[in-house]
Amino acid sequence: MIDEAGANIKDIMIKNFSLSAWGKELLKSASVKISHGKRYGLVGPNGKAKSTLFKLLAWRKIHVLKNIDVLLVEQGVVGDDRRALQAVVSANEELVKLREEVVLSQNSSSAGDEDGEDDAGEKLVVLNERLQLLGSDAAEVQASKILAGLGFTKEMQGRPTKSFSGGWRMRVSLARALFMQPTRLLLDESGP
């Protein structure tokens, strides 16, 4: 989509901004344009604000239009008992929350009174419609395909994330980002 000025509304344009950290001016009166559909590399010596710039964009501390979602991948997922496939699907927090609400609604309607059954039924219809819009039925299949594309076998997809090395956990993080299909995906090789 193009606005009146001829700019793509999915472009990120930041004009005349400055960035300081630890009392040191890193960028002064800088301008950046990140065009939709293009790939960029930000290269420079350590300490020159590359990671900081990414974080500020992802955290929206630098103005980015609301229609542009920015996702930053900077380190692997924390290793825990979640299976790799679950870790990817759980990146969609709205999907997970809606699924939990459906379960709660189903449990309360089966244990509830007859007066509340109509309300609970209506709520379930609304929740299920929203889940359908989010592609809930295909979420695990989509996540599995993404993980397979990153080298995960079916067996690996069922393993807890804590069983993977840092490199494989980074792939899980990347899969989570790809699963969310953000407008802008920022990949930062550094991490804490």
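Reader: Taking a charge to sit over a ring if NZ of Lys or CZ of Arg is within 6 Å of the ring centre and within 35 degrees of the ring normal, which residue has its charged end over the ring of Trp-168?

Author: That is Arg-171, whose charged end sits 4.1 Å from the centre of the Trp-168 ring. Please keep in mind that this is a predicted model, in which local features need pLDDT of at least 70 and side-chain atom pairs count only at pLDDT 80 or more, while totals for chains, interfaces and linings use all residues. Residues are numbered from 1 along each chain as its sequence is written, and side-chain values use heavy atoms, with hydrogens and water left out.

Reader: And how many aromatic pairs are there?

Author: There are two, where rings of Phe, Tyr and Trp (its six-membered ring) pair if their centres lie within 6.5 Å, and planes under 30 degrees apart count as stacked, over 60 as edge-to-face and the rest as tilted. Phe-152 and Phe-164 have ring centres 5.5 Å apart and planes at 75°, so they are edge-to-face. Phe-152 and Trp-168 are also edge-to-face, at 4.9 Å centre to centre with 80° between the planes. Through these ring pairs Phe-152, Phe-164 and Trp-168 are linked into a cluster.

Reader: Which parts of the chain does the Phe-152 and Trp-168 pair tie together?

Author: Phe-152 is in the loop between α5 and α6 and Trp-168 is in helix α7, so the pair ties together parts 16 residues apart in sequence. Helices (H or I, at least four residues) and strands (E, at least two) are DSSP runs, numbered from the N terminus.

Reader: Is Phe-152 buried or exposed?

Author: Phe-152 counts as buried, at 3% relative accessibility, and Phe-164 does too, at 5%, whereas Trp-168 is partly exposed with a relative accessible area of 25%. Buried means under 20% relative accessible area, exposed over 50% and partly exposed in between, with a 1.4 Å probe and protein chains only.

Reader: What about the largest nonpolar core, which residues have the most contacts inside it?

Author: Those are Val-88, Leu-147, Phe-152, Val-172 and Phe-179, in a core of 23 residues; a nonpolar core is a set of buried Ala, Val, Leu, Ile, Met, Phe, Trp, Tyr and Cys residues joined through side-chain atoms within 4.5 Å. At least two residues each come from α2 (84–89), α3 (93–111), α4 (117–133), α5 (139–149) and α7 (166–180), and α2 gives the most, with five. Another core, of 19 residues, lies apart from this one and has Leu-19, Ala-49, Leu-53 and Val-64 among its members.

Reader: Switching to the strands, how do β3 and β4 run?

Author: They run parallel, with four bridges joining β3 (residues 70–73) to β4, and strands pair if DSSP finds at least two bridges between them. Leu-72 stands opposite Leu-186 in β4, and Leu-186 belongs with Arg-184 to the covered face of β4 (residues 184–187), while Leu-185 and Leu-187 form the uncovered face.

Reader: What do the buried residues of α1 pack against?

Author: They pack against β1, β2 (24–34), β3 and β4, with contact meaning heavy atoms within 4.5 Å. The buried residues of α1 (residues 50–58) are Lys-50, Ser-51, Leu-53, Phe-54, Leu-56 and Leu-57.

Reader: Last one: where is Asp-11, and what does Asp-11 touch?

Author: Asp-11 is in the segment before β1 (12–21) and counts as buried, at 9% relative accessibility. Leaving out residues up to four places away in sequence, Asp-11 touches Lys-33, Ile-34, Ser-35, His-36, Ile-68 and Arg-184. A polar atom of the Asp-11 side chain lies 2.7 Å from the backbone nitrogen of His-36.

How values were computed
A polar contact is a pair of N or O atoms within 3.5 Å; within protein, one must be able to donate a hydrogen and the other to accept it, and residues adjacent in sequence count only if both atoms are side-chain atoms.
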